[in-house]
Amino acid sequence: MNMIPIKNNVFYMGLKDPDRTIFDQLVPLPQGTSYNSYFVKGSEKTALIDTMYPKMINEFMENLKKAGIEKLDYIISNHAEQDHSGAIPVLVEKFPEAKIVTNAKCKENIMNMLHVDESKFIVINDGDELSLGDKTAKFLISPWVHWPDTMFTYLKEDNMLFTCDFLGAHYTQYDLFADCSPALEEAAKRYYAEIIMPFRNFAKKYTVKVREINPDIILPSHGPIYDKPDFILKLYEDWTSDNVKNKVIIPYVSMYDSTKILVERLQSALIKAGIETKTFDLINSDEGELAMEIVDCATIVLGSSMVLAGPHPGVVSAAYIVNALRPKFRHYSIIGSYGWGGNLTGVLEGMFTTVKPEKIDYVIVKGLPDDEDLAKIDNLAAEIIEKHKTL
Ligand code: FEO
């Protein structure tokens with residue numbers, strides 16, 4: 001992609017990175033991502049809103065050149081993470097007259113991470129405006145989606161809102177605007193789960209704020225542009241609400257199938273009772289899928305074999321992810337099997353420091369489950385079913 005007109009002298013300057021497989025060495029990217037940058041041509045001044053991921057700077061700068069952008073007055077930085085700020089040092093060298101317009105926290109982060117000179121910045125506060133002539137950029141400081149430095153930029157005359165990471169998606173199957181497809185919904189949910197969910201209360205507040213602004217177009221810095229904002233706002237209203245679904249997620253690792261027998265027995269009983277139930281064999285599944293599924297489930301049951309007197313590391317990692325992402329689940333339990341001894345539940349229980357779900361009695365069995373053990377799983381299922389009746 002090169003320079004694509006969006007509306008009223010606002011242009012898309014972003015790049016797709018469909019082959020990238022992982023973000024922050026943590027988040028799997030089933031279809032890569034895109035880094036959206038926007039060029040705004042006012043009657044008097046020009047601005048770039050967010051820039052480019054460091055590995056794609058050459059292509060980005062080449063596109064600016066091909067587009068004939070020879071003068072740049074402002075680089076508006078909505079967030080300091082390098083996938084959006086990475087090109088700032090090169091831009092200020094190429095356009096020495098350009099000023100970086102951002103909030104104080106973002107300025108501090110850009111100076112720390114990219115060693116940009118302080119003289120290059122104009123620091124704005126919440127609600128400040130910047131005139132580009134016939135266009136006015138208004139800044140809405142919106143911390144914690146997902147860093148303390150995040151903000152939105154609103155082009156008043158065009159009713160366009162640039163939200164950076166907020167409302168984004170690691171999704172590359174689009175031309176410019178959102179296709180509002182189930183595939184986009186899934187990508188947006190995965191992205192929400194991994195990036196935004198730990199800050200759900202902030203996201204909830206900003207979703208209300210965006211509704212109040214009622215923009216014609218929402219322009220995030222990953223994924224497609226929303227010319228029908230209702231699609232993404234409705235999804236965020238659902239995900240950030242306090243409501244949970246009649247759904248149980250069972251992430252597990254089973255070494256000799258004993259834990260797997262417990263997991264399958266539980267799943268079968270819950271499904272019979274009409275509860276949507278998904279199991280995740282953690283050795284062979286993608287953490288992103290797990291993250292996406294825990295966005296709105298009511299209950300999580302961790303299943304683990306005992307390894308060296310403790311839970312399997314794969315389950316420890318899943319518990320860590322659950323705790324870090326802070327989903328809104330209400331109940332949890334642990335099931336598993338051991339050979340000769342140890343403490344399977346203590347480590348896992350201790351990992352829930354930021355989430356406070358209600359505990360349902362654990363079922364830990366010795367070796368291959370017998371009828372008595374399976375009856376305990378049936379009791380656990382009955383208890384979960386009872387709890388779900390109150391949802
Ligand atoms: Fe897309 Fe927080 O960077």
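User: How do the residues of the lining of the largest pocket divide into nonpolar, polar and charged?
Analyst: This is a predicted model. In it, the lining of the largest pocket has 11 nonpolar, three polar and three charged residues. The volume of this pocket is about 380 Å³.

User: Which residues lie nearest the centre of the largest pocket?
Analyst: Of the 17 lining residues, Leu26, Val27, Glu194, Ala324 and Leu325 lie nearest the centre.

User: Which element gives the most to the lining of the largest pocket?
Analyst: Helix H10 does, with five residues. At least two residues each come from strand S5 (27-28), helix H5 (182-196), helix H9 (287-293) and helix H10 (313-325). Both domain 1 (4-239) and domain 2 (248-384) contribute at least three residues to this lining.

User: What is the volume of the second largest pocket, and which residues lie nearest its centre?
Analyst: Its volume is about 220 Å³. The second largest pocket is lined by 14 residues, with Arg200, Arg326, Pro327, Thr354 and Val355 nearest the centre. Its lining divides into eight nonpolar, two polar and four charged residues. Here too, domain 1 (4-239) and domain 2 (248-384) each supply at least three of the lining residues.

User: How should I read the order of strands in the open sheet of five strands?
Analyst: Strands of a sheet pair through backbone hydrogen bonds, either parallel or antiparallel. In this structure the order is S12-S13-S14-S15-S16, and the pairing is mixed. Strand S12 (129-131) and strand S16 (217-220) are the edge strands, each pairing on one side only. On average, neighbouring strands of this sheet are turned by 20° against each other, direction ignored.

User: Do S14 and S15 run parallel or antiparallel?
Analyst: They run antiparallel, and three bridges join S14 (residues 151-155) to S15 (residues 160-164). Tyr154 stands opposite Leu161 in S15.

User: Where does the backbone have a cis peptide bond or a positive phi?
Analyst: Most residues other than glycine have a negative phi, and most peptide bonds are trans. In this model, a cis peptide bond with omega of about 20° joins Val145 and His146. His146 belongs to the loop between strand S13 (136-141) and S14. Leu167, which is not a glycine, has a positive phi of about 70°, and lies in the loop between S15 and H5. Ala309 also has a positive phi, near 70°; its place is the loop between strand S19 (297-307) and strand S20 (310-311).

Conventions:
Residues numbered from 1 in each chain as written. Predicted model: local features only at pLDDT ≥ 70, side-chain atom pairs only at ≥ 80, totals over all residues. Heavy atoms only, no water. 1 Å grid on protein atoms, 1.4 Å probe; cavity = no way out; pocket = protein on both sides within 12 Å on 5 of 7 lines; lining within 4 Å. Points joined across faces, edges and corners; volume = space filled by probe spheres on them. Helix = DSSP H or I, 4+ residues; strand = E, 2+ residues; numbered from the N terminus. Nonpolar A, V, L, I, M, F, W, Y, C, P; charged D, E, K, R; others polar. Domains from an automatic or database assignment. Pairing = 2+ DSSP bridges. Axes fitted to C-alpha atoms, helices over the stretch in contact; angles between N-to-C directions.
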